[in-house]
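Visitor: I would like a close look at one part of this model. Please go through its packing slowly and residue by residue.

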Amino acid sequence: MSSREIAELTGKRHADVMRDVRSMLEQVGEGERKFASAYVDAQGKARECYKLPKNLTLNLIAGYRADMRLKI
């Protein structure tokens with residue numbers, strides 16, 4: 001799932017999700033480059049984002065919501 005999709009799903013700003021992804025990747029010992037990606041915004045500018053596999057997506061989102069952590 002992309003960091004943009006995560007931001008939309010959680011109602012968070014994309015910049016904040018990007019910060020949280022970087023922090024999470026550092027904590028779990030993964031390199032940022034492995035998940036780095038880009039998209040073109042509404043003004044035609046290339047912007048950075050991350051594309052995370054399912055396990056890291058769940059890890060990040062679970063950190064945002066106590067109810068999700070309980071379900072996991």
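Guide: In helix H3, the buried residues are Leu-56, Thr-57, Leu-60, Ile-61 and Ala-62. Buried here means under 20% relative accessible area, exposed means over 50%, and partly exposed lies in between (1.4 Å probe, protein chains only). Helices are DSSP runs of H or I with at least four residues, strands are runs of E with at least two, and both are numbered from the N terminus. The model is a predicted one, in which local features need pLDDT of at least 70 and side-chain atom pairs count only at pLDDT 80 or more, while totals for chains, interfaces and linings use all residues. Residues are numbered from 1 along each chain as its sequence is written, and side-chain values use heavy atoms, with hydrogens and water left out.

The buried residues of H3 pack against H1, H2 and helix H4 (66-71). Contact, here and below, means heavy atoms within 4.5 Å.

Take Leu-56 first. Leu-56 lies in H3 and counts as buried because its relative accessible area is 8%. Setting aside residues up to four places away in sequence, Leu-56 touches Met-24, Leu-25, Val-28 and Phe-35.

Beyond its neighbours within four places in sequence, Thr-57 is in contact with Met-1, Ile-6 and Leu-52.

Next comes the packing of H3 on H2. Two packed helices are described by the angle between their axes and the distance between the axes. Axes are lines fitted to C-alpha atoms, for helices over the stretch in contact, and the angles run from 0 to 180 degrees between N-to-C directions. For H2 and H3 the angle is about 115 degrees and the axes are 11 Å apart. On the H2 side the contact involves Asp-16, Val-17, Asp-20, Val-21, Met-24, Leu-25 and Val-28, and on the H3 side Leu-56, Asn-59, Leu-60 and Tyr-64. By class, these residues are eight nonpolar, one polar and two charged. In that count Ala, Val, Leu, Ile, Met, Phe, Trp, Tyr, Cys and Pro are nonpolar, Asp, Glu, Lys and Arg are charged, and the others, Gly among them, are polar.

Some of these names return in the largest nonpolar core. It has 13 residues, of which Val-21, Leu-25, Tyr-50, Leu-52 and Leu-60 touch the most other members. H1 (3-10), H2 (14-28) and H3 (54-64) each supply at least two residues of this core, and H2 gives the largest share, with five. A nonpolar core is a set of buried Ala, Val, Leu, Ile, Met, Phe, Trp, Tyr and Cys residues joined through side-chain atoms within 4.5 Å.

Apart from residues up to four places away in sequence, Leu-25 touches Glu-30, Gly-31, Glu-32, Phe-35, Tyr-50 and Leu-56. Ser-23 is likewise in H2, but at a relative accessible area of 33% it is partly exposed.

Ser-3, Arg-4, Ile-6 and Ala-7 of H1 meet His-14, Val-17 and Met-18 of H2. This contact divides into four nonpolar, two polar and one charged residue.

His-14 belongs to H2. A polar contact of 2.8 Å joins its side chain to that of Ser-3. Such a contact is a pair of N or O atoms within 3.5 Å; within protein, one must be able to donate a hydrogen and the other to accept it, and residues adjacent in sequence count only if both atoms are side-chain atoms. Outside four places in sequence, His-14 is in contact with Ser-3, Arg-4, Ala-7, Tyr-39, Glu-48 and Cys-49.

Arg-4 sits in H1 and is partly exposed, with a relative accessible area of 41%. Leaving out neighbours within four places in sequence, Arg-4 is in contact with His-14, Tyr-39 and Cys-49.
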